[in-house]
Amino acid sequence: QEQLKMKDQSLRKLQQEMDSLTFRNQQLAKRVELLQDELALSEARGKKNKKSVESSSQLSQEQKSVFNEDLQKKIEENERLHILFFEADEQHKRLEAELRSRLELLETDAAQHQTVVDSLTKKYTETIEKLQNDKAKLEIKSQTLEREAKDCRLRTEECQQQLKNLQAALGSRLEESLCIINEKVPFNDTRSSRYNALNVPLHNRRNQLKLRDLAGQAMAFVQELVTALLNFHTYTEQKVQIFPIDSATDIISPLNQKFSQYLHENASYVRPLEEGMLHLFESITEDTVTVLETTVKLKAFSEHLASYLGFLRKILPYQLKSLEEECESSLCTAALRARNMELHRDMKRLTAVFEKLHTYVSLLALPSTRPEGLLRTNYNSVFTNIAASLHGFHDILKDISKHYSQKAALEQEVPTATQKLITTNDCILSSVAALTNGAGKMASFFSNNLDHFTTSLSYGPKGGAEFISPLSAECMLQYKKKAAAYMKSLKKPCADSVPYEEALANRRVLLSSTESREGLAQQVQQSLEKIAKLEQEKEHWMLEAQLAKIKLEKENQKLKNSLSGHLTETIQEHSVLPNIAEQKKETIEKSLREPIKSTSLVRNLTLRVPIRVTDCSAPDVESREDLIKTHYMARIAELTSHLQLADSKSVHFHAECRALAKRLSLAEKSKESLTEELKLASQNITRLQASRFLCNDELMTTKRSYEDQLSMMSDHLCSMNETLTKQREEIDTLKMTSK
């Protein structure tokens with residue numbers, strides 16, 4: 001609208017200018033007409049008195065030229081004004097079209113906004129109605145909650161009354177127990193720290209397993225550090241013999257000779273660290289109580305660490321002098337000299353860190369020898385200092401690795417550098433990298449388990465602050481072993497019995513089992529009938545076998561008579577035609593391997609025996625008769641096994657069908673019970689859903705007040721329960737001491 005107003009104002013200004021221009025144009029047109037009339041009059045007068053005109057012609061021409069110029073200017077100005085008017089008219093039309101289109105858009109937006117406003121008003125009215133309904137429901141729920149609050153008050157009063165009764169009962173029991181303790185217990189060892197230190201503390205198996213796991217991890221880290229230290233000292237010895245003077249071509253300085261001699265002894269100082277950590281790990285078992293007073297092997301580990309520290313102190317001046325001697329050599333450049341001085345400082349720092357570690361480890365070993373040397377209150381500070389020293393050790397090794405890598409790169413650029421020097425530098429760098437990784441793992445491991453070390457190694461007997469001395473700790477461990485042996489002697493194996501839950505689970509199986517009494521009775525009856533049938537068949541087959549033997553003897557006699565005449569012929573046939581004999585033998589064996597088609601075994605025997613006799617000798621006949629006999633016996637055994645298997649399967653399937661029928665009946669009964677339970681559950685769900693939607697804002701204040709009251713009452717009850725538990729613990733301790 002403001003733009004429309006501005007455009008209207010500009011349009012009015014343009015119209016006013018247009019009106020003024022048209023008025024000015026009319027004046028100019030009238031002036032031109034007057035000038036034309038005057039020109040016509042002057043021309044008429046010029047004809048009459050040409051003479052006078054000639055004299056004044058010069059003046060008229062000048063005036064005419066002035067008028068023509070003025071007229072030309074007016075015409076040009078008129079054209080310019082016409083152009084401006086046309087442009088203003090076009091701009092006005094364009095603005096009017098744009099404003100009309102924008103007005104249409106604004107009208108559509110206004111209609112859309114109106115529809116949105118109508119929908120929102122409708123929605124808000126619906127929500128207001130819904131909230132009013134919820135308010136009514138919440139008011140109903142507030143009334144129900146008020147009734148529940150009244151019930152809670154009554155219950156709290158009842159609880160208070162019960163609490164008073166319990167207090168009175170426990171007070172009477174406490175007085176009785178105190179009287180019994182005063183009369184019966186002559187001595188309470190928990191009051192004296194000296195005697196309490198001999199009591200066996202509660203066994204924490206999880207704590208022991210955790211400590212053993214941590215000791216195993218620490219042992220692995222120490223093994224990595226030991227191997228890295230061995231490699232570092234060994235390769236340093238090789239480096240001293242190679243650079244700056246190679247011992248293979250020239251004699252090295254006495255300082256480096258002594259330094260390499262000391263480095264050659266590094267294994268005797270480094271290996272005991274691994275052995276000491278291994279002994280410490282083996283001393284931590286599941287059955288012992290691991291605290292600083294009982295870890296005697298920690299003293300041996302600190303001694304090994306002290307011996308290695310002495311080794312480092314012994315080689316430190318030689319190492320520093322060796323670096324200075326290397327800086328003074330002609331091969332050493334300025335950059336290499338700077339790296340050597342950095343390593344000079346790093347080696348001093350490394351020895352100082354090992355001194356710190358030895359100090360703190362020796363402090364941890366004090367409780368196992370002199371407990372007054374380190375109090376339990378200082379355990380935490382010692383462990384934190386060890387963690388800080390390990391992190392410092394890791395940082396120093398990182399600096400050494402960085403400076404050694406720079407030093408190795410500079411030594412490769414030396415013109416006299418050999419391949420042996422390059423490989424030795426690579427080995428030193430790999431050993432320093434392994435040292436850095438091992439130290440980082442050790443530092444992170446110790447920092448992560450710092451709280452566990454502090455709490456677990458401060459463990460002591462119940463009621464006492466600490467163990468008095470290592471001797472008392474050793475006596476406690478002996479008492480623990482005796483108590484464990486006594487408990488094992490008391491523990492007698494109980495008779496095997498089925499647990500109640502397993503018996504309940506097996507009851508269902510028993511009801512629907514195939515091994516029920518009726519099924520077993522039927523199976524026994526069927527098996528008896530089968531046994532009778534099998535005995536009858538056995539007698540039948542015994543008779544058949546006797547008949548077969550008789551027939552076999554007759555056939556053998558016939559064969560002996562017939563074989564005596566044909567023996568020479570068969571020998572010639574075997575010598576001349578061995579292939580034919582082999583083919584006949586194969587055909588006979590194939591005929592023997594064919595399945596039995598007849599049901600009578602005796603008839604098959606009588607049919608097959610003469611076929612074999614005509615083609616074979618007497619020993620072959622006997623062997624083949626044995627083969628036939630074994631074949632038919634195996635066949636008989638196979639058929640009987642198949643028959644027994646089929647009978648057993650049929651019995652099993654019959655029993656399974658009966659069991660399935662029983663299970664089906666039980667499942668139907670359980671289905672009916674479950675449907676009833678489902679109906680009850682659905683009713684409960686509907687009832688709970690009906691009572692779920694009752695909640696009120698006004699009720700929240702009352703509920704909070706009731707909750708505050710209940711919290712106060714619960715706090716009071718908790719305090720009373722704590723006092724009761726304390727009294728119970730005192731009674732239990734008094735009972736234990738009386739026992």
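The model is predicted, so local features are described only where pLDDT is at least 70 and side-chain atom pairs only at pLDDT 80 or more, while totals for chains, interfaces and linings use all residues. Residues are numbered from 1 along each chain as its sequence is written, and side-chain values use heavy atoms, with hydrogens and water left out. Here buried means under 20% relative accessible area, exposed means over 50%, and partly exposed lies in between, using a 1.4 Å probe and protein chains only.

**The structure holds eight aromatic pairs.** One of them joins Y269 and F311, whose rings are stacked, with 4.9 Å from centre to centre and 20° between the planes. This pair links distant parts of the chain, since Y269 belongs to helix α6 (residues 267-283) and F311 to helix α7 (residues 297-328), 42 residues apart. Y269 counts as partly exposed because its relative accessible area is 22%, whereas F311 is buried at 1%. F354 and F393 form another aromatic pair, this time edge-to-face, with 5.2 Å between the centres and 70° between the planes. That pair also links distant parts of the chain, with F354 in helix α8 (residues 334-365) and F393 in helix α9 (residues 379-412), 39 residues apart. F393 is buried, with a relative accessible area of 5%. Rings of Phe, Tyr and Trp (its six-membered ring) count as a pair if their centres lie within 6.5 Å, and planes under 30 degrees apart are called stacked, those over 60 edge-to-face and the rest tilted.

**The charged end of R212 sits over the ring of F281, 4.3 Å from its centre.** A charge is said to sit over a ring if NZ of Lys or CZ of Arg is within 6 Å of the ring centre and within 35 degrees of the ring normal.

**At the start of helix α8, a side-chain oxygen of T333 reaches to within 3.3 Å of the backbone nitrogen of L336.** The 32 residues of α8 should span 46 Å at 1.5 Å a residue, and because the end C-alpha atoms are 47 Å apart, the two values agree. The expected span is 1.5 Å times one less than the number of residues in the helix. Helices (H or I, at least four residues) and strands (E, at least two) are DSSP runs, numbered from the N terminus, and the protein has 18 helices and zero strands.

**T236 lies in helix α4 (residues 205-242) and is buried, with a relative accessible area of 6%.** The side chain of T236 reaches the backbone oxygen of F232 at 2.5 Å. When neighbours within four places in sequence are left aside, T236 is in contact (heavy atoms within 4.5 Å) with F259, L263 and I428.

**S431 is found in helix α10 (residues 419-448) and is buried, with a relative accessible area of 3%.** Apart from its neighbours within four places in sequence, S431 is in contact with A228, N231, F232 and Y235. The C-alpha atoms of S431 and H233 are separated by 9.2 Å, although these two residues are 198 residues apart along the chain. In the whole protein, residues 24 or more positions apart account for 84% of the contacts with a separation of 6 or more.

**K420 also belongs to helix α10, but K420 is exposed, with a relative accessible area of 51%.** From C-alpha to C-alpha, K420 and I242 are 8.0 Å apart in space, while 178 residues separate them in sequence. Of the 739 residues of the protein, 25% count as buried.

**Residues 11-45 are one of the stretches to which UniProt, in an unreviewed entry, assigns the feature "coiled-coil region".** In the model, the chain over residues 11-45 is 100% helix and 0% strand, with its end C-alpha atoms 51 Å apart.

How values were computed: A polar contact is a pair of N or O atoms within 3.5 Å; within protein, one must be able to donate a hydrogen and the other to accept it, and residues adjacent in sequence count only if both atoms are side-chain atoms. UniProt positions are given in the numbering used here, feature names are shortened, and annotations may be inferred rather than shown by experiment.
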